[in-house]
Amino acid sequence: MTPFSCFSSTRTNPRLYLPKHRYNESTLPKKDTLFFKSHQLPAKPYYLPLLSLKNSNFTNLFASISSFADAEGGGEQKEGIHVDKYQGNAKRKEDELPGMAQAFDISSSTASAISICIAFVALSFPLFMKSLGQGLGLKTKALSYATLLFGFYMAWNIGANDVANAMGTSVGSGALSLRQAVITAAILEFSGALLMGTHVTSTMQKGILVADVFQGKNTLLFAGLLSSLAAAGTWLQFASYYGWPVSTTHCIVGSMVGFGLVYGGSGAVFWSSLARVTSSWVFSPVLGALVSFLVYKCIRRFVYSAPNPGQAAAAAAPLAVFVGVTGISFAAFPLSKSLPVSIAQALAFGAAGAIIVYRIIKRQLGHLLVKSTSSEQETKENTVQNKNLGFLSNVAGPKGTQLEIVYGVFGYMQVLSACFMSFAHGGNDVSNAIGPLAAALSILHGNASGTEIVIPIDVLAWGGFGIVAGLMIWGYRVIATIGKKITELTPTRGFAAEFAAASVVLFASKLGLPISATHTLVGAVMGVGFARGLNSVRSETVREIVVSWAVTIPAGATFAVLYTWILTKLLSFIL
């Protein structure tokens with residue numbers, strides 16, 4: 001099945017579920033089969049006015065979106081969002097819409113038009129790329145064209161599955177609508193792939209295969225690289241169809257391991273590298289869950305229990321941005337080889353980010369902050385109630401104006417962290433598609449003399465376009481799993497999960513520890529659920545995800561062996 005055939009599918013698609021009934025926060029609501037559609041929601045907007053910062057009307061900003069809006073930490077029963085039920089023909093008409101049309105609340109014809117445009121560009125654009133091979137024979141150009149399509153297929157599936165790492169929690173918490181999340185991620189993913197995507201790659205991707213084993217076997221290596229792209233893409237598409245968040249890095253590693261074992265023997269695989277990859281199945285989610293648990297508990301203890309939670313959140317946000325931007329700037333984007341200069345630059349970026357966030361909060365939430373200072377009775381009651389609480393105590397959440405401020409502040413924080421993760425993901429994970437693609441092209445064009453291959457700018461842009469296409473067409477499936485099906489998220493919980501995941505991935509990668517961004521984020525979402533009680537995490541969803549992780553490498557290896565066998569037979573007739 002090609003990426004563009006998904007519109008004709010009649011299978012029940014993954015959906016974003018909203019609670020409809022009263023329930024205690026320690027237990028989860030039953031799933032309702034209703035889509036996240038604008039005409040189902042109350043007239044008052046609840047998403048952050050991301051595209052119109054002048055709008056300062058935050059009345060009931062997030063309080064209407066979730067059943068835990070009134071008192072996040074309390075044991076009371078909560079009001080669920082009121083959603084009108086579909087009746088008669090309207091219900092039947094909705095069920096007949098393709099999944100993408102339902103997810104984005106657009107017509108079936110619009111969804112079909114988008115898919116046709118993407119398919120047309122994907123099939124025609126490679127004909128004008130320099131990487132197709134200037135001055136080469138027709139046979140080589142045809143193989144180059146097929147290679148570019150293989151790379152696009154892999155990039156498409158990266159966008160369909162992995163982009164949920166950045167945007168799933170923001171959609172689940174209500175900080176962004178699904179449409180806003182996809183548009184924002186599309187811009188940032190493409191920009192990250194084009195501006196930050198690696199320009200140099202190794203022929204033996206990820207240090208998994210031993211290069212000497214395939215010396216002088218260019219045709220076999222070419223078939224193996226294409227098969228790895230196709231195999232990883234196949235498993236990613238299968239996982240995305242069911243809404244399973246799996247690691248794209250593990251997919252490509254598993255594919256290359258399968259190819260190396262069968263066609264190069266056991267000596268063709270660096271087993272120590274493979275052991276590091278598999279250890280991240282445990283290492284990543286455990287670290288993510290632990291850090292997100294602590295971050296969320298810190299928010300509940302030091303923001304919710306403060307005399308004025310709204311003021312505490314507004315004061316904590318610039319500090320968190322300063323720490324986050326400083327750490328990211330120093331670890332991920334050092335602008336100087338001199339340590340003192342790098343530290344000074346990182347501190348400058350952190351201070352600039354803190355000032356910007358402080359001004360945005362004051363501008364957008366200033367009227368609510370003033371209102372919160374006048375509600376003396378509410379703050380006194382909260383102070384007495386939370387005075388002697390410990391760090392792990394179950395803190396009652398704020399209410400009314402205080403809740404609006406807290407959710408507003410952390411909503412902005414979550415959007416900022418999602419934007420950064422999306423940009424960084426485009427720059428990092430696009431290499432999973434264009435790395436083997438560039439290596440295969442270099443073999444075709446006779447440039448694979450060394451172990452490093454230079455990636456042309458048009459190939460980087462091609463990979464970025466593939467990620468955006470996959471995100472637009474199928475991205476909503478895994479976003480639904482991350483955002484709604486593991487545990488219920490609010491802006492504070494979503495921020496805790498996203499901040500924890502980004503921190504763990506950044507520093508673990510810097511220390512050389514085996515880490516997976518997907519596994520870390522899933523663990524982080526589980527961590528904020530565990531912070532509210534074990535019953536707050538849906539065990540059946542977690543079980544499906546863990547099984548899909550365990551199957552990823554064997555599945556990729558199996559598909560790679562099968563595809564390599566087919567490609568070697570075809571190439572023997574063509575070449």
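# Reading a predicted chain: salt bridges, cover and confidence

User: Lys 484 and Glu 488 have side chains that meet at 3.5 Å, N to O. What is this contact called?

Analyst: A salt bridge is a side-chain nitrogen of Lys or Arg within 4 Å of a carboxyl oxygen of Asp or Glu. The pair Lys 484 and Glu 488 forms one, at 3.5 Å from N to O. This is a predicted model, in which local features need pLDDT of at least 70 and side-chain atom pairs count only at pLDDT 80 or more, while totals for chains, interfaces and linings use all residues. Residues are numbered from 1 along each chain as its sequence is written, and side-chain values use heavy atoms, with hydrogens and water left out.

User: How many salt bridges does the structure hold?

Analyst: There are two. In the other, Glu 488 meets Arg 538 at 3.2 Å, N to O. Glu 488 sits in the loop between α15 (457-485) and α16 (491-510), and Arg 538 in the loop between α17 (517-530) and α18, so this pair ties together parts 50 residues apart in sequence.

User: Are Lys 484, Glu 488 and Arg 538 buried or exposed?

Analyst: Buried means under 20% relative accessible area, exposed over 50%, and partly exposed in between (1.4 Å probe, protein chains only). Lys 484 is buried at 3%, Glu 488 at 2% and Arg 538 at 6%. Of the 575 residues of the chain, 56% count as buried.

User: How should I read a helix such as α17, and how much of α17 is buried?

Analyst: Helices (H or I, at least four residues) and strands (E, at least two) are DSSP runs, numbered from the N terminus. The chain has 18 helices and four strands. A helix is expected to span 1.5 Å times one less than its number of residues. For the 14 residues of α17 that gives 20 Å, and the end C-alpha atoms are 20 Å apart, which agrees. Twelve of the 14 residues of α17 are buried, including His 519, Leu 521, Val 525 and Met 526.

User: Which residues of α3 are buried, and what covers them?

Analyst: In α3 they are Ala 111, Ser 115, Ile 118, Ala 119, Ala 122 and Ser 124. An α-helix has 3.6 residues a turn, so residues three or four places apart point the same way. The cover over the buried residues of α3 includes α2 (99-104), α4 (138-162) and α15.

User: Where is there a nonpolar patch on the surface?

Analyst: Patches join residues with over 30% relative accessible area and no salt bridge: like charges within 9 Å, nonpolar side chains (Val, Leu, Ile, Met, Phe, Trp, Tyr) within 5 Å. Accessible areas come from the Shrake-Rupley method with a 1.4 Å probe, and for residues only the protein chains shown count as cover. Here Leu 562, Trp 565, Ile 566, Leu 570, Phe 573, Ile 574 and Leu 575 form a nonpolar patch with about 750 Å² of accessible area together. Phe 573 lies in helix α18 (residues 539-574) and is exposed, at 72% relative accessible area.

User: Which element has the lowest mean pLDDT, and which the highest?

Analyst: pLDDT is the predictor's confidence in each residue, from 0 to 100. The lowest mean belongs to strand β2 (residues 77-78), at 36, and the highest to helix α7 (residues 218-241), at 93. The chain averages 76, and 74% of the residues score at least 70. Over residues 1-96 pLDDT stays under 50.

How values were computed: Contact = heavy atoms within 4.5 Å.
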